[in-house]
Amino acid sequence: MCAEDSVATAYAGSVFRRLTLRALTRGRGIGQLLRPFELEPSMPREFSRRRFILSAGQLGCALPLVGSPFGRDLLAGLERQLVPAPGGPMPPGLFASLHWRLLGPFRGGRVDAVSGVPGRPNEFYFGAVCGGIWKTIDAGRTWQPIFDEQPVASIGALAVAPSSPDVVYAGTGESTLRDSASYGNGVYRSNDGGRSWTHLGLEETHHIGRIAVDPRNPDVVFVAAIGHLYAANEQRGVFRSRDGGRSWQKVLYRNGDVGAVEVVVDPTDSRVVYAGLWNTRRPPWFTYAPSNGPGGGIFKSTDGGDTWQPLTTGLPAQGIGRTGIAVCPSDPRRVYAVVDCLVPEPGAVAPPPPPPDSRGSSRPLPMQGGFFRSDDAGASWQRLSSDEALWGRGWYFEKITVDPRDADVVYVPNVAVNRSLDGGHSWDVPRGSPGGDDYHQMWVSPDDPNTVIVASDQGCIITHNARTKDPADVTWTSWLNQPTAQIYHVSIDPRFPYWVTGAQQDSGAVAVRSRGRFAEISMRDWEPIGAGGESGYTAGDPLHPGIIFGGAGQRYDLELNRSIPTSQPRMPEGETARADWTQPLVLSQGDPHALYYANQYLFKSTDSARTWTRISPDLTRPDPGVPATLDAAAAGLAGNERRGVVYTIAPSPLQAPLVWIGTDDGCIQVSDDDGKSWQNVTPGAVTPWSRITMIEASHFDARAAYASVDRHQLQDFQPYVYRTRDRGRSWQKIVRGLPADGYVHTVKEDPKRRGLLFAGTETGAFVSFDEGDDWQPLQLNLPATSVRDFAVHGDDLVVATFGRGFWVIDGIAPLRQADAAIAQADAYLFQPPDTAVPVQGRDNGTPLQKDEPQTANPPDGVSIDYYLKADATTPDRPVTLEILDAAGGVLRTFSSTAPPPAPQGRAGRQGGIPSVSPQWQVRPPQFAAGAGAHRVVWFPAPAPAPGARGGGVFGAPALPLTGTFTARLTVNGRSYTRGFTVLPDPRKTDG
């Protein structure tokens, strides 16, 4: 017996004796025993499960170990502890070769704030609710992000200083306060038209409804701060700065519950300021609308904000919620307001109920909200319209804009854009699509009132003929060139190349190709889909590529663009299904025939949603209670009867009957018999109304799982991720390295490398190499945004963001192979994945123009990653990477000393005047020899013969070689080799 075996035998005997003695004398289960159990310092780290069993057998204890539940648990625990996943934080240079690639879609997401620039008719800004700030200088033909370097992406307000068009203020934290609203960290200012930004404080305002700048002094600015959404706080109300944001005064404040949502400076007299206060709060259980508490209303200052008076004559006496205000520049005594008020009109009589045989529903009492006008600078008001098309869903809308030259032309965005040409007496609709688009802020140019920009749920649009008399003749720019989609979850449709699917808030579910059919991903390569709605899950069917499930189990054929008949899960007699905005729908990786859906119950289908079986009792907390953070108005909101729902489902990929669930009221339960029985395994630290955002069942150990928890609805913005290794009997909190203010939406495990985890927080993407013990950023080039979900498909990592659409890392070999030894090596060649190289179509002689919305296809070929500890650039000993065929012949050589290719002239000749613009002259990157990780993409084709001409974007693509190849990296005279395989395109091709 070797020395190592002697150690193993002694260690196995010691373990067995100690654990048996403890179990016999204390009556404790093996799961409890293993929790404090760790490797002894003398134990070799490479000690394996096999060696343990062999050594235990020599002691006569192998049979009871292997054959008993005690032994199975013991071996599972020892395998985890004795063969740990290599981990710990990794030097970021090990995976610096990776980058996120945008997939789209180019269908815009929700925009709260817009502004044009006086004197610059083609320059505009918009602020997306979780997509940052964007700018156009060509009147909306193309848009560029200009806020991506900042740590937040949620924008509630924008204002360009009228007297200094390069000064731009941004208020962070969206003001359309949905259940999914993202918070901000205060106010920013740019002095150079958005090229750079300075943070100005007010971090705890969280949600900003409006910013107003003095028309003559860019340093005098007012901020309407809504404040925290789920609790009272002091940093709310109207703030004023007289020094460009270096210092702030709170000039209008009532209490910690009442914030400000509107502030407007009279364009003719900056001493006159109007403001709208709003008391709003959300409960932790799901409701569609937030509350309207007491204390709201319209206020006015005539001394630049020093003192304020409420405006009451003609306005509702109580119950005022969100308000929008507009002062007419051509007649400042004319002031318009749109007011949300759900208090019934005095003496109102409810309309008669509909006939029993009709499909109508009872209508509520008429309410006091509406469109108001004042002709005496706010001293008195007259309600000109109570039509809910102007003020309905006031918590979400209530903005108003007036023509700067004509006091009778006024716009009220709501479900549609409403326009009045006669001072509010009559209305038409110059913009509004079937189904309702939902429009928010508008800005009208003071130079040309025909020029208007509008914010909407689908992005922003611009018109240059807004005053056209016939509303049908008003024309608009596109909102299909803004990749700011808010995606809740991601699923893969496994056609080749694969599609990425998910539900887009406000626009409905979408599917996007991971590789465009032509030379790029464009409008041709994404499409709306029928299952999933705007907030549900989608689930690609691995057994039937091209088929997805969505919503509550609807089935959809993507090729035919039509639904396939299914049934809905049925509730027990007399019960109503509860729901959050997003309900889980999951296909099991352990049994791809098993489809699960949940409300408060868990349902299962094994026949593609034709029939459903309820397999659980109500899995939520019986009485989660009401948190102390709520005020009376929010606590009184109806919604699910203050009960929770199942929010995440995690079938085990290893044991099909094993299913985990988590609820939005803070409960984790597990069943190991497919729902026949359930155990509540909620960690003790998880209190009621902690939302279990994701559970991930391990791909390597059926006893292990991970849970992400979001408590920001309880005014706790910290990250929470928990890990269990004993089927929920104990949990460890694993958040080291995650930011303190980024609550967690998802945690996912790589199915190929044990210990490799991905976490998505409200502020970014993170990775762990050691089962969550340590986290580090995986942001790379991903813009700051809310990261909601991950999917690993083959060698790719796909992410769904809530504000910037889908992104993908093409090939995560460096993440799967990274370890501390590689970081210390002088050089390292990562193992290239076996790759199916598609026969890629081109643009067939008609390339898509560069100003059309588009993003890059994945690289054509095999991605080969390598790492250099230090700069290896020397002129006499270049770093090279050679590609060898099966016979050892060199097919391609990349060298650090090779000169970059010169641009080609006409007909492919070198030199002379190029035949195309620099937009199309994409040069291959220089082969890198600097410190860090790098990537080369080799297209598997023989090198062209000397003098041969390439086909370019117009030529027929070369057919890739297939078979086995070798990559050989040479650094400082030493070579490193890796074999890999190129697979054929799995689709039928003529080649």
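Glu398 sits in the loop between α6 (388-391) and β22 (401-402), where helices (H or I, at least four residues) and strands (E, at least two) are DSSP runs numbered from the N terminus. The phi angle of Glu398 is near 60°, a positive value in a residue other than glycine, and with a relative accessibility of 0% Glu398 counts as buried; buried means under 20% relative accessible area, exposed over 50%, and partly exposed in between, for a 1.4 Å probe and protein chains only. Asn561, likewise not a glycine, has a positive phi of about 55° and lies in the loop between β36 (554-557) and β37 (562-564).

This is a predicted model, in which local features need pLDDT of at least 70 and side-chain atom pairs count only at pLDDT 80 or more, whereas totals for chains, interfaces and linings use all residues. Residues are numbered from 1 along each chain as its sequence is written, and side-chain values use heavy atoms, with hydrogens and water left out.

One runs from Gly104 to Pro105, with omega near 5°, and Pro105 is placed in the loop between β1 and β2 (111-117). Another joins Phe496 and Pro497, with omega about -15°, and Pro497 belongs to the loop between β29 (491-493) and β30 (499-504). As background, most residues other than glycine have a negative phi, and most peptide bonds are trans.

For the protein chain as a whole, the secondary structure comes to 9 helices and 65 strands, and 59% of the 991 residues count as buried. Among contacts (heavy atoms within 4.5 Å) between residues at least 6 apart in sequence, 59% join residues at least 24 apart.

Several individual residues illustrate such links. Thr785, in the loop between β53 and β54 (787-793), is buried at 2% relative accessibility. The side chain of Thr785 reaches the backbone oxygen of Cys130 at 2.8 Å, which can be read against the polar contact criterion: a pair of N or O atoms within 3.5 Å, where within protein one must be able to donate a hydrogen and the other to accept it, and residues adjacent in sequence count only if both atoms are side-chain atoms. Not counting residues up to four places away in sequence, Thr785 touches a set of residues including Cys130, Ala153, Thr761 and Arg804.

Gln368 lies in the loop between β19 (331-341) and β20 (370-374) and is buried, with a relative accessible area of 16%. The side chain of Gln368 reaches the backbone oxygen of Pro344 at 3.0 Å, and, leaving aside neighbours within four places in sequence, the residues in contact with Gln368 include Pro316, Cys341, Pro344 and Arg383.

Gly295, by contrast, counts as partly exposed at 25% relative accessibility; Gly295 is found in the loop between β15 (273-279) and β16 (297-301) and, beyond neighbours within four places in sequence, is in contact with Arg254, Val258 and Leu277. Phe806, in strand β56 (residues 806-809), is buried at 0% relative accessibility. The table gives C-alpha separations for these two residues.

| Residue pair | Separation in sequence | C-alpha to C-alpha distance |
|---|---|---|
| Gly295 and Leu277 | 18 residues | 7.3 Å |
| Phe806 and Val500 | 306 residues | 7.9 Å |

Rings of Phe, Tyr and Trp (its six-membered ring) pair if their centres lie within 6.5 Å, with planes under 30 degrees apart counted as stacked, over 60 as edge-to-face and the rest as tilted. By this rule the count comes to 28 aromatic pairs. Phe95 and Phe769 form a tilted pair, 6.0 Å centre to centre with 40° between the planes. Phe95 lies in the loop between α5 (69-82) and β1 (100-104) and Phe769 in the loop between β52 (765-768) and β53 (776-777), so this pair ties together parts that are 674 residues apart in sequence. Both Phe95 and Phe769 are buried. The ring centres of Tyr601 and Phe603 are 6.5 Å apart and their planes stand at 75°, so that pair is edge-to-face; Tyr601 is buried at 7% relative accessibility, and Phe603 is buried at 1%. Ring pairs also link Phe286, Tyr288, Trp395, Tyr396, Phe397 and Trp581 into a cluster.
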